[in-house]
Amino acid sequence: MLSLGSGLLASGIAAIADEKNRFFESEIRPLLEKHCLECHRGSDPEGGLTLEHRGGWHDAAVVVPGRPQSSRLLQVVQSDDPDERMPPPDAGEPLAPEQVRAIEKWIADGAFDPRDPPANEKPTATGPKKRNRVFEITEEDRNYWAFQPFERESDDSKTDAQDKPLDISQAAARIDALLERQRSDIPVAPRADARTLIRRAVYDLWGIVPTPEMVQQFQQNLDDNSWRSLIDSLLSSRRYGEQWGRHWLDWVRYAETNGYERDGIKPNAWRYRDYVIDSFASNKPYDQFIIEQLAGDEWAREQGWSATNETERWRQSIIATGFYRLHQWDDEPDDTQQAEFDDADDVLISIGTTFLGLTIGCARCHDHKFDPISQRDYYAMLSCIRGVDPYGQSKKGGGGRGTGRIQQPLVEDAVHAAWEKEKQVKLEQLRDRLAKTDDPSARPPIETEIRNLQESKPPFDVALVVANRNADPPETFVLYRGDIHAPRDPVGPDTPAIFSEQVGAPKLDDAVRNGAGASGRRLSLARWIANPRHPLTARVMVNRIWQRHFGIGIVPTPDDFGKTGIEPSNPELLDFLAQEFIRSGWSIHHMHRLIMSTQAYAMASNSVDEVGATKDPDVRWVWRQQMRRMDAEAIRDSILAISGTLTDKQGGPSIYPRLSPEVRDAANPVSLSQWNESPLPEQSCRSVYLIVKRSLKIPFLETMDFANRSSPAGVRPVTTTAPQALLLLNDPWVREQSQVLVARLRAEAGSDSNAMIERLWLLAYQRTPAPDEREIALQFIEEQDPRDEQETWISLCRAVLNSNEFLYID
């Protein structure tokens with residue numbers, strides 16, 4: 001039986017739906033029939049646009065629900081240009097102001113349209129429409145939602161886009177209102193209980209399960225202040241940086257080896273990993289984060305930073321440029337020049353995907369088949385990074401090749417030069433001794449000294465970095481079908497033309513666009529991307545943050561905001577978040593606080609509603625929370641945390657865990673020869689600090705859906721397979737951790753079985769066992785051979801670690 005509150009809510013929802021229908025039937029349908037349908041109906045409508053049913057305006061993208069100023073339909077009825085205005089001048093008077101306002105209101109309220117296409121009409125689209133063979137930017141391109149400037153909010157209570165960010169409570173209420181407007185006819189789930197909320201929050205921000213003590217303390221004080229304090233404490237921990245830095249490493253396809261057969265090590269790549277973790281932990285402004293990675297060296301030079309002036313800022317800016325060296329690299333290509341372009345293409349694809357949510361690489365060999373990105377646009381953007389010194393040395397003929405200038409000492413040039421000079425002097429002395437010695441037995445020790453000195457590491461830090469070419473960058477040409485041996489028109493540094501179509505759109509510096517040298521090109525590109533007026537940068541990042549908190553993005557394809565991606569479920573919400581992100585000074589922490597303060601975030605995930613399941617099975621409208629399985633690293637880290645063995649390692653060279661004999665037998669011998677197993681105590685670190693080797697992934701993580709590190713991964717696949725269950729039951733490492741966990745249970749709960757079971761449940765589930773669970777666990781223990789008591793408890797621990805309640809976050 002419905003409660004009074006539920007009845008009122010249902011009545012309110014029905015009233016909203018009725019009002020939308022009444023408005024359409026009384027205001028919009030008569031207007032369309034009188035002024036539009038004479039031309040825009042039938043099998044061959046004017047301009048290919050039919051307004052007879054909602055599929056017509058939807059497929060033609062002339063109406064963007066919730067975004068009137070981005071809707072072509074509103075633009076043409078408002079236009080003063082007789083060549084553009086609709087209805088056309090020869091069809092009579094333009095629409096009255098009140099009719100234009102009605103269209104604007106209709107679109108702003110979601111463009112409710114009950115008119116279905118005729119039953120005998122085939123679907124008008126089965127996927128994104130291919131572009132014409134002759135490239136041109138069309139009105140449809142200009143009006144595509146992702147390329148539009150942020151739409152100003154019409155609500156008078158909102159701040160101007162240039163003002164300070166909203167109060168967290170006010171902004172959270174705005175988000176909930178935008179969600180409610182969209183799902184007004186779907187009942188929403190109730191608020192989750194305190195234990196579920198803190199498990200969700202700790203997983204989202206730390207990537208592990210909380211301790212029982214954290215949960216108990218939170219349950220004792222359930223007001224809004226305690227929730228805000230919890231979020232603040234989680235964000236202030238380095239564990240937050242480790243969790244969200246790990247997400248970023250997925251998005252930029254971070255790995256510490258080159259791939260291919262030899263899969264050589266990328267020296268000091270781990271410094272880039274630590275830079276990313278530090279950046280998230282310190283809440284570095286996102287626009288600065290972008291500029292440092294794409295042009296930190298040029299920015300530091302412009303600002304006058306060096307190893308002796310603003311040392312830490314200079315150091316971080318230099319390390320950040322390791323972004324350019326994360327790609328796969330072939331050390332023995334058939335064609336060095338082709339390999340150089342392949343490397344640059346890999347970098348450009350990552351820039352486009354990570355920061356802009358665009359598949360720019362699809363325009364390498366021809367104009368993009370779906371998005372308004374021409375082949376010329378592709379090579380113009382490529383020209384912005386052609387000044388980068390290649391990863392590998394140029395070489396003709398077979399065999400391997402060495403690397404280029406991919407490392408830089410993080411000290412003054414004079415310090416580095418002095419150390420190199422001293423090293424060379426010592427080498428010459430040793431070689432001289434070797435040449436003069438007549439004693440054969442003395443030669444091996446001297447040769448060993450020479451080898452050790454040659455391989456010696458400097459007494460200062462060195463980083464994997466970008467470097468500009470010594471000379472001006474080579475001229476860039478549009479390559480016919482992407483063939484380096486078929487150059488066509490020359491192009492200079494520039495950005496895709498579609499981004500210049502909007503008034504006030506950011507552009508590259510004029511000096512850079514005119515091709516002035518190598519230095520400054522990447523900095524200009526970085527500033528173009530980080531410009532607050534860029535239509536994609538903020539949208540893409542807030543969508544990634546939303547996706548990690550709700551299991552699906554407002555745009556479900558976070559790496560593709562183009563036409564082969566999926567349109568946003570709530571464009572107005574996406575724009576509100578993007579503008580709030582910019583207003584906050586590009587603060588990622590602010591976005592976490594905002595999103596996690598909403599009623600939507602706090603909903604239960606186990607609510608089942610037939611209306612919601614039918615209308616929104618993917619829960620894109622957020623009428624409940626999503627149940628999510630923990631990521632591979634979070635599962636491993638949580639097992640370590642529960643057993644009590646998780647170390648507090650914070651940065652430094654990566655850890656090589658132990659490999660089983662079976663893995664060693666099957667591994668590539670070349671890859672295996674580089675696997676220098678770390679001391680056992682060091683292996684219990686957080687997974688983000690484990691080596692990421694392209695040809696030899698850590699079996700536990702790979703089985704649990706570790707990210708592909710050959711290309712950007714905005715969303716990891718989540719599989720449910722038998723090998724995963726077998727791994728968690730039988731893997732030697734899981735058994736070892738279970739054995740350690742048993743020792744912890746005895747140390748903290750004594751030898752009483754009841755107390756040990758309760759402690760196990762508290763550590764794994766953060767709750768005490770239900771009576772039936774306690775009874776089953778006790779029965780299992782009592783039925784085993786007392787002589788195998790240790791094995792019995794290990795088996796129980798493994799079963800708990802393999803349970804859905806441990807592996808999934810509600």
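Visitor: How many cavities of 30 Å³ or more does a search of the whole structure find?
Guide: The search gives 6 cavities of 30 Å³ or more. A cavity is a set of points, on a 1 Å grid over the protein atoms alone, where a 1.4 Å probe fits but cannot get out. This is a predicted model, where local features need pLDDT of at least 70, side-chain atom pairs count only at pLDDT 80 or more, and totals for chains, interfaces and linings use all residues. Residues are numbered from 1 along each chain as its sequence is written, and side-chain values use heavy atoms, without hydrogens and water.

Visitor: What volume has the largest cavity?
Guide: About 190 Å³, counted as the space filled by probe spheres set on the points.

Visitor: And which residues lie nearest its centre?
Guide: Glu-340, Asp-343, Ala-344, Val-388 and Pro-390, out of 15 lining residues. Lining means having an atom within 4 Å of a point.

Visitor: What about the second largest cavity?
Guide: That one holds about 130 Å³. It is lined by 16 residues, with Ser-687, Leu-690, Val-692, Phe-706 and Arg-709 closest to its centre.

Visitor: Switching topic. How many disulfides?
Guide: The count is 0, taking a disulfide as a pair of cysteine sulfur atoms within 2.5 Å.

Visitor: Is Cys-384 buried or exposed?
Guide: Buried, at 1% relative accessibility; the cut-offs are under 20% relative accessible area for buried, over 50% for exposed, and partly exposed in between, with a 1.4 Å probe and protein chains only.

Technical notes:
1 Å grid on protein atoms, 1.4 Å probe; cavity = no way out; pocket = protein on both sides within 12 Å on 5 of 7 lines; lining within 4 Å.
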